Amino acid sequence: MLLADRDRTAVRLIYQNYSPILLNVILRIVKYEDVAKDVLQDALLKIWRNSTNFDASKGSLFTWLVRVCRNAAIDKTRSKDFKQRQKSEQSVDLVFVSETFGNESEVNDQSVRELMFQLPEKQRTLISMSFFEGYSHPEISERLSIPLGTVKTRIRMALQHLRSVVE
């Protein structure tokens, strides 16, 4: 097998034959295409360096490739820079709401407070934790013992409501 012999052609063949599928696996976890491409590149390097770890008796090459890529994607989501990116992306939605009022000098604490009190309590709590206290969605889910999907849905609904109010 080319990979076990550390033949450089092996990585090229893996990339040509499996990269769309592996990128899709990674993308489902990290959600950002640019990050997914970086993770795929890192995973391919890891596959190359650890080619001796592949054991055909334990599973197919494809299964091993997917597992390496999946683990690399999960590691990326746990990294500090990835968590920071998520927080900044969440802040973009709040900036949108603020910008629709006009320039920053027109947006004051009273305006934001009035907007927040138009939301149902459940949504208001989640928006507050996410945007003002800096919690990530998984952290909110864990702290409030609410399923992650519910957290995301309530925040999305709250932001949609806030947009409709300010437009």
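I looked up contact range first: of the contacts (heavy atoms within 4.5 Å) between residues at least 6 apart in sequence, 60% join residues at least 24 apart.

I noted that this is a predicted model, in which local features need pLDDT of at least 70, side-chain atom pairs count only at pLDDT 80 or more, and totals for chains, interfaces and linings use all residues. Residues are numbered from 1 along each chain as its sequence is written, and side-chain values use heavy atoms, with hydrogens and water left out.

I then listed the elements: eight helices and zero strands (DSSP runs, H or I of at least four residues for helices, E of at least two for strands, numbered from the N terminus).

I checked confidence by pLDDT (the predictor's confidence in each residue, from 0 to 100). The mean for the protein is 79, and 77% of residues reach 70 or more. Helix α4 (residues 80–99) is lowest at a mean of 62, and α2 is highest at 91. Over residues 100–108 pLDDT stays under 50, and the model has nine contacts beyond four places in sequence for them.

I looked up burial (buried is under 20% relative accessible area, exposed over 50%, partly exposed in between; 1.4 Å probe, protein chains only). Of the 167 residues, 33% are buried.

Last, I looked at phi. Most residues other than glycine have a negative phi. Lys 31, in the loop between α1 (8–30) and α2 (33–49), has a positive phi near 70°. Lys 31 counts as exposed because its relative accessibility is 57%. Ser 145 has a positive phi of about 55° and lies in the loop between α7 (137–144) and α8 (148–166). Ser 145 is exposed, at 66%.
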